[in-house]
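Student: Could you walk me through how to read aromatic contacts and strand pairing in a protein model?

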Amino acid sequence: MKMTKVVPFAMSALLIGGAVVAPTASANEGEAVVTNATDNNEQNPQVQPIFIKITGTIENVEKREDSTYYTVKEDENTNVFVVNDDTLVFNNTGKEVKLQKGDKVTAYTYANKPMLMIYPPQYNPEVIIVETKEMGTVEVDFFNKELVNTDNTLKLNVGKETEIISLSGKKVKAEDLAEQHLLVFYTIATMSIPAQTPPSKVVVLDTIAQEPGETDPSKAAVQEIINNDFYEVEGTKMVPLRLIAEELGFKVESTGKGAIISKGALSYTITRGQKEYGYNKALRYFKVAPALLEPTKTYVPVEFVEELMK
C-alpha cells in the first residue's frame, strides 16, 4: 500500500501560490495600449459573483441511491455535478428537460458554497442549463431594486408577456422580483450598458436563496480537519473518520476492527482493511480500504465525507 503523509503547510503554499500580474492589452483607436492589470482593477474593481458557472459536456452518468453523478468535461477540465430532485434543469429556452449523456451544459452554483477539495471537483449546482441550437440566453444572478444584476450588465424590463414563477409556489408579480436571486431566460437585448431585455421567463429562487458570505459552520470545520490531517494512499486522500463524523453530528462506536457511525435512521458499519462497508442493510464500497494510519485513528477515503454531509 503506497502511503504519503502530506504536509498541510506545503498544501497551503500550493493553494495560495504567488500572485503574478500579467499585462493586458486594450484597443484605443486602432492602436494596442498595454496597461498593468493591477492598475486596471483599481480603476474598475470587479464585483464578487454570487454564482459561479461551470461548463462542459456530459461524458458519464452514474446513478446512486438519492443522487445522480454527471461527469462533465471541457478541454482538459473534468468536473462532477451531483444532481438530485431539488436541482433545477432547463434548456436555454426555459423548457424543463432531463439531462443526458452528450448534453452540453452550464451549471450555476453559489460562489460561497463550501466544497471539499477533491479531484475531480464535485459541485451540487442550484441550476443546470442544457445548451441547444435554439435561440435563448440565460442569466442567474441577484437583481437589485432596479432589476439590474450584480455586475451591471443586464437590466430586466418585465412585461405582460413575461412568465413569472417562484420555486416556493408563491404567486409573484413583477414588483416582487426586486432584490431577489433570479433565473432569467431571454432572447434579445439592447446594446446599452447595462443591456436591457424583456425576459421571456423569470424564476424566483426563493427556496434556495443564500446570503453572500453565509456558510455552514460544520462544513467549514470539516474542511479545516481535512486540510490539516490527511494521507494519500494509492492516489486517494484519506481523512480521519471519528473527528469528521462527530463534527457532523454522528455517534461513533468502536468495534475493535473499525466503527459503527449513526445518526437518526442512518447507520454505517466500517471495517479496517475492507473496501466493503455497511449502509443500513445494504453494502457499499470504498475505492481504498479504511486503515489505521496513525495510532487509534481510522482513516477513510475523503469521498465518504460527502456521503455523510448529504
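Tutor: Happy to; we will take the aromatic rings and then the strands. Keep in mind that this is a predicted model.

Student: How should I describe two rings that pair?

Tutor: A pair of aromatic rings is described by how far apart the centres are and by the angle of the planes. Here the count comes to 10 aromatic pairs. One of them joins Tyr-268 and Phe-304, with 5.3 Å centre to centre and 90° between the planes. Because planes over 60 degrees apart count as edge-to-face, that is the class of the Tyr-268 and Phe-304 pair.

Student: Which parts of the chain does the pair of Tyr-268 and Phe-304 link?

Tutor: Distant ones: Tyr-268 belongs to strand β21 (residues 266-271), while Phe-304 is in helix α5 (residues 303-308), 36 residues apart.

Student: Is Tyr-268 buried or exposed, and what about Phe-304?

Tutor: Tyr-268 has a relative accessible area of 2%, so it is buried. Phe-304 is buried as well, with a relative accessible area of 2%. Both also belong to one aromatic cluster, together with Phe-250, Tyr-277, Tyr-279 and Phe-286.

Student: Now the strands. In what order do β19 to β23 form their sheet?

Tutor: The open sheet has 5 strands in the order β19-β20-β21-β22-β23, with antiparallel pairing. β19 (251-254) and β23 (282-285) each have a single partner strand, so one side of each lacks a neighbour in the sheet. Ignoring direction, neighbouring strands of this sheet are turned by 25° against each other on average. Within the sheet, β20 (residues 258-263) and β21 are antiparallel over 6 bridges, and Lys-263 stands opposite Leu-266 in β21.

Student: Which strands pair with β6, and in what sense?

Tutor: Strand β5 (residues 68-74) pairs with β6 in the antiparallel sense over 7 bridges, where Lys-73 stands opposite Thr-78. These strands form a hairpin with 2 residues between them, and Asp-75 in the turn has a positive phi of about 55°. β6 also pairs with β9 (residues 122-123), in the parallel sense over 2 bridges; there Phe-81 stands opposite Tyr-123.

Student: Why is β6 called largely enclosed?

Tutor: Because 6 of the 7 residues of β6 (residues 77-83) are buried, the strand is largely enclosed by the rest of the structure.

Conventions:
Residues are numbered from 1 along each chain as its sequence is written. This is a predicted model: local features need pLDDT of at least 70, side-chain atom pairs count only at pLDDT 80 or more; totals for chains, interfaces and linings use all residues. Side-chain values use heavy atoms; hydrogens and water are left out. Rings of Phe, Tyr and Trp (its six-membered ring) pair if their centres lie within 6.5 Å; planes under 30 degrees apart count as stacked, over 60 as edge-to-face and the rest as tilted. Helices (H or I, at least four residues) and strands (E, at least two) are DSSP runs, numbered from the N terminus. Buried means under 20% relative accessible area, exposed over 50%, partly exposed in between (1.4 Å probe, protein chains only). Two strands pair if DSSP finds at least two bridges between them. Axes are lines fitted to C-alpha atoms, for helices over the stretch in contact, and angles run from 0 to 180 degrees between N-to-C directions.
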